[in-house]
There are 2 protein chains.
Amino acid sequence: MSSSTLTPIDHALRVQRVAEQVGDRALLVTDLADLRWLTGFVTSHGWAVVRSGELFVGTDGRYGDKAVAETHGTGATVIVEQERAALDGQMIRTLDGARVLIDTDVSDHQLRVGLAARGIDVFDASPIRTMRRVKDAAEIERIERAAAIADTALAEVEPMLGSGVTELEVRAELEYRMVLHGADDRSYPTIVAAGPEHGARPHHGAARRVISEGDTIIIDVGALVDGYHSDMTRSWVVGTASPEQREVYELVRSSQAAGLAVVSSGASSKAVDRACRDVFEDAGRLDEYIHGTGHGVGLDIHELPFHNQSSDVTLEAGMVVTVEPGLYRGGFGGFRIEDLVLVTDSVNGTGHRVLTHSPKRELN
Amino acid sequence: MSSSTLTPIDHALRVQRVAEQVGDRALLVTDLADLRWLTGFVTSHGWAVVRSGELFVGTDGRYGDKAVAETHGTGATVIVEQERAALDGQMIRTLDGARVLIDTDVSDHQLRVGLAARGIDVFDASPIRTMRRVKDAAEIERIERAAAIADTALAEVEPMLGSGVTELEVRAELEYRMVLHGADDRSYPTIVAAGPEHGARPHHGAARRVISEGDTIIIDVGALVDGYHSDMTRSWVVGTASPEQREVYELVRSSQAAGLAVVSSGASSKAVDRACRDVFEDAGRLDEYIHGTGHGVGLDIHELPFHNQSSDVTLEAGMVVTVEPGLYRGGFGGFRIEDLVLVTDSVNGTGHRVLTHSPKRELN
């Protein structure tokens, strides 16, 4: 599965759509995922400006030929400067006299101060973050392939759990196998959190602790394919589950199913969160639910929309989002179950397609 | 090699030293590596305030018990709030009425605007970034262990080069083996860049391209041990090197040796850069050297000091820095050689100790 078998992404079309929204203003793109989404250029240092229908891409000498190669077809003018100050000067020149749109999330204080010092007003109103929420077919293909690779790796590694391996060894196996099965990389540092303490921390990474009889286990794993992420969590108990482990696990499964059932074009992100929360509240365990219910996934592992109590987003067909409730308590451990789903219009009462297919098993 | 065998880091001492420098002002720490360095707390969301000799650590519910456990011994008051706004309010309260020091690199525009709106003046003068440049014995122990793990993994994987493997397979093997040999993770996504195009890009990652006869190869690899990074690069040619490959490789080896020879307590970072550059300039190839000569390494993979033409840093004993010149040209490929070294006082004419021991081989 090489990336050459993937449908190409039409960056020229994106540049055209963005230029239409920008109109007679200028757009400054400094977020690197926004830059990649718009132009196809993958870098650790660069920016783009869209102005009067033209695209300018700036970067330093390390990335010059890469910028030219990757923006091929977009009509970009690539500007390469070895020195940071000279590159900043080129950015200023392309923005001179314009009303400049920038993303609210762009928090670079020095950049904002520098633009203001040159009399350039910025408006927190980039259209890209909103446009990125809805994925096109080529993006969905990449995310779906990434999700399938993580499913395959997890199926291979699952039999190791409880055989004397450490959390870190499980993580190393998963990440190694995802690359062998066609991923470019892991989507994020894989979480393998087992036992009464690590399992109780939703963002525990993985440690040199042997996964032991009676442990709760959380594995949160995803693959990266051509810049696009997948995201999935499954939970287990090593050996025979206790009655409380069984009760909590089934609550998490029910909560996750309740959240999934709400996901549909036209539903609110807040309602997804509410549905998950209601199950925990009815069971008197809402205080053990200590994170949000989900998020968009694409070129960033966490992107718009976010499912939480203050979200005002209405889900649209083409969004790719997680649903991932969990319960955690120190001394007990924790469970989380997470699927990645494509939001669709409602067909026969279902408004989504699940992209992550690893089984959500009954506990022994 | 579990992390329990590492010498503990004395965070209480750091808090005390920082409090002395802060005096009657307050210090706001928002950079997560600074936060870890000061308090021992590892998180994706949190801050610290040092004021009147007291340490306050704020975070959200996902990390509450972790914050308490990891700051044990520092006397920290841990503040946990589920909601972002409430946590921000707690930060403001601890800073109320103080002259607040903050790091210049902290570029969070919203934070600065929020503090200004509450009448809190910030001064770009945190002492932590400067203090972090000089490592203590416990930090050097971690970095040295990380470097040794990368050496071991590279020795095991080197025989694979040229046997029909792809860049990505080499990367996956290296990263897998580093964890098995005691690393908590890779230090950064390993670079495996081979052949006339990828090899010419100093920050190429790794692709599904088979490493082939005649390719130049760059492998840039490091391990992570208890938050501390290592960093090393070696280069090869698959099969028998051409005369030009041999010439360029030897230039890079000479340049790197020349830079290393300068590293000593009291030398300038700029002189290290200059020594590497001179070798390339004398050979008429300076235009093929398209990045800086090195950087500090610690809790961040790139931290102060940076060796470049505009650096004004004088090296001090206890700094841990890279020396990593390289030459790159599209159609040819590239070579880079990088060591990680501890700066020491000069003994018998040598002012450093090399931490990375993989051989810098002659080309075949």
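**Local packing, sheets and chain contacts in the predicted model**

Arg361(A) counts as partly exposed because it has 13 C-beta neighbours inside 10 Å; a residue is termed buried if 20 or more other C-beta atoms, placed from the backbone, lie within 10 Å of its own, exposed if 12 or fewer, and partly exposed in between. The model is predicted, with local features requiring pLDDT of at least 70 and side-chain atom pairs counted only at pLDDT 80 or more, whereas totals for chains, interfaces and linings use all residues. Residues are numbered from 1 along each chain as its sequence is written, while chains are lettered from A and ligands numbered from 1 in the order in which they are written.

Arg361(A) lies in the segment that follows strand 19 (350-354) of chain A; here helices (H or I, at least four residues) and strands (E, at least two) are DSSP runs numbered from the N terminus. Between Arg361(A) and Trp236(A) the C-alpha to C-alpha distance is 7.9 Å, although 125 residues separate the two in sequence.

Elsewhere in chain A, strand 16 (residues 326-329) and strand 17 (residues 333-336) run antiparallel and are joined by four bridges; strands are taken to pair if DSSP finds at least two bridges between them. Arg329(A) has Gly333(A) of strand 17 as its bridge partner. The two strands of chain A form a hairpin with three residues between them, and Gly331(A) in the turn adopts a positive phi of about 90 degrees. Strand 17 of chain A is covered on both faces: Gly333(A) and Phe335(A) are buried on one side, and Gly334(A) and Arg336(A) are buried on the other. In a regular strand the side chains alternate between the two faces of the sheet.

Contacts between the chains involve 28 residues of chain A and 28 residues of chain B, a contact being defined by C-beta atoms, placed from the backbone, that lie within 7 Å. On the side of chain A that touches chain B, helix 3 (64-70), helix 5 (109-117) and helix 8 (167-180) of chain A each supply at least two residues. Helix 8 of chain A gives the most, with six residues. By class, this side of chain A has eight nonpolar, ten polar and ten charged residues, where Ala, Val, Leu, Ile, Met, Phe, Trp, Tyr, Cys and Pro count as nonpolar, Asp, Glu, Lys and Arg as charged, and the others, Gly among them, as polar.

In chain B, helix 1 (residues 11-22) has twelve residues and reaches 16 Å from its first C-alpha to its last, close to the 16 Å expected at 1.5 Å a residue; the expected span is 1.5 Å times one less than the number of residues. The buried residues of helix 1 of chain B are His11(B), Arg14(B), Val15(B), Val18(B) and Val22(B). They lie on the same side of helix 1 of chain B, because they cover an arc of only 100 degrees around the axis, the arc being that of the directions from the helix axis to the C-beta atoms. Exposed Leu13(B) and Glu20(B) are carried on the face of helix 1 of chain B turned away from its buried side. Elements of chain B against which the buried residues of helix 1 pack include strand 1 (26-29), helix 2 (32-39) and helix 6 (128-132). Just after helix 1 of chain B, Gly23(B) takes a positive phi of about 60 degrees.

An open sheet of six strands in chain B has the order 4-3-2-1-5-6 and mixed pairing. Its edge strands, each pairing on one side only, are strand 4 (77-80) and strand 6 (122-124) of chain B. The twist averages 25 degrees from one strand to the next. Strand 1 and strand 5 of chain B pair in the parallel sense over two bridges, and Ala26(B) has Val100(B) in strand 5 of chain B as its bridge partner. Helix 4 (residues 84-95) of chain B packs on this sheet, with its direction at about 15 degrees to that of strand 2 of chain B; axes are lines fitted to C-alpha atoms, for helices over the stretch in contact, and angles run from 0 to 180 degrees between N-to-C directions.

Helix 10 (residues 243-262) of chain B has end C-alpha atoms 29 Å apart, in agreement with the 28 Å that its 20 residues should span at 1.5 Å a residue. Its buried residues include Gln245(B), Tyr249(B) and Leu260(B). Pro243(B) and Glu247(B) are exposed on the face of helix 10 of chain B turned away from its buried side.

Conventions:
Two residues are in contact if their C-beta atoms, placed from the backbone, lie within 7 Å.
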